[in-house]
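Please look over the model first.

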Amino acid sequence: MDSPDPPDCTPASLGFEAALAQVLDTLAPLPGNEEVPLDRALGRVLAEPLRAGMDLQPWPNSAMDGYAFAAADLDLARGDGLVMVGTSLAGHPFSGTLAGGQCVRILTGAILPAGADTVVMQEQVLIDGPRVRLTAAVRPGANVRAPGEDVRAGQIVLPAGCRLGPPQIALAAALGQGHLTVTRRPRVALFTSGDELTPVGQPLAAGAIYDSNRHLLRAMLEEMGVSVIDLGIVADDPDAVRAAFAAARAQADVVISSGGVSVGDADYVRDVFSEFGDIHFWRIDMRPGRPLAFGRLGETWFFGLPGNPVSTAVTFLQFVRPALRRLEGEPASAPLRLELPLLEPVHKASGRLDFQRGVLARDAAGRLGVRSAGHQGSHVMSSLAAADCLMVLPAATGDLPAGSLVQVELLPWRATPQP
């Protein structure tokens, strides 16, 4: 569980929605756009709109393997038939102009020859020597892709702030765009705090634990594609914490710490940060992850995440991830949430917004629902590893019976479904 506050030190918590709005309203996209080759643009954010420099398709072409002819010859095509005078292949078009009563063999994607405006699919014709006769009704203009049917020259096809996935990369390539102007990715410095932390691979002393949070945070940052500066484990010592902040301020746009933001005797991160910068807030009315600090260190933004691993993961997903996307120039947007029925009862204490780990599953009738991923303690990593979603349970809600509808956020990574 997150560390409780002593009775004489209980500042009011900031509501979740208000805290998230404060973060996103405070941040602005980082300066410094860059031009990158198309093959390095995946996952980047467009800094300016992409405007089409050409029609797509650039010429009329066939949507089918078949025969191209003029619609004015439809009656002749149904009667005596049309005379085939050549072939049009993708990349090797027919170079002549069709006269009345003529047609060409055409394959999918090939340019329609001059004089043709209709294509009949090959399954709807009868070949009789040099003549091609229709065996089915064909409407004028059938099976022809018109120039500009997809995109018109001058049209904005991708807005500024668009994150480039495979379809967006393909669209830019189809328009002949070899380079794109994208925003700068944030540089993120990362450290974990605590004398109990031991680097992975070294023997554990009595009372020590392995430093899993740094690996968790680094993996989530790398999954986003940002540049990570790993400052390692920082001791529970004010001077060590000061040195970490100084190093982060010198080279990063954002610094993320894990641990040391609660009110324990050895929790120095929040207090030391206050010597360097301004804390905007440090307590959120949510579970897990109540002790969450957000502030500014000169030109560097700071997120002080709690030390329990699930609290670290949830606060990163709910605050740090959207903040980094905002810094990268992506417009702020509410997370996609599905409304699904509980497949089993869920225990929840009322009073705080609760993000519980869940697993998508189907009931006996095949309908999609959600169930708990297991133990919900903020120290329990096995249920985080098993989860593929978070159940978002409102503060006023208590225990929920099976069948209750709940809001669900899919995790950006997906656990392997269990048999």
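Glu222 is partly exposed, at 46% relative accessible area. Here buried means under 20% relative accessible area, exposed over 50%, and partly exposed in between (1.4 Å probe, protein chains only). This is a predicted model: local features need pLDDT of at least 70, side-chain atom pairs count only at pLDDT 80 or more, and totals for chains, interfaces and linings use all residues. Residues are numbered from 1 along each chain as its sequence is written, and side-chain values use heavy atoms, without hydrogens and water.

**Salt bridges**

The whole structure holds 20 salt bridges. Each is a side-chain nitrogen of Lys or Arg within 4 Å of a carboxyl oxygen of Asp or Glu.

| Pair | Closest N and O atoms |
|---|---|
| Asp253 and Arg184 | 2.8 Å |
| Arg218 and Glu222 | 2.9 Å |
| Glu299 and Arg296 | 3.2 Å |

Asp253 and Arg184 are both buried. Arg218 is partly exposed at 30%. Arg218 and Glu222 sit four residues apart in helix 4 (residues 212–224), so about one helical turn separates them. Glu299 is exposed at 64%, while Arg296 is partly exposed at 30%. A network of salt bridges links Arg163, Arg185, Arg325, Glu328 and Glu330.

**Thr192**

Thr192 is buried because its relative accessibility is 1%. Its side chain makes a polar contact of 3.0 Å with that of Asp211. Such a contact is a pair of N or O atoms within 3.5 Å; within protein, one must be able to donate a hydrogen and the other to accept it, and residues adjacent in sequence count only if both atoms are side-chain atoms.

**Cysteines**

Zero disulfides (cysteine sulfur pairs within 2.5 Å) turn up in the whole structure. Cys103 is buried at 0%, and Cys162 is buried at 14%.

Key. Helix = DSSP H or I, 4+ residues; strand = E, 2+ residues; numbered from the N terminus.
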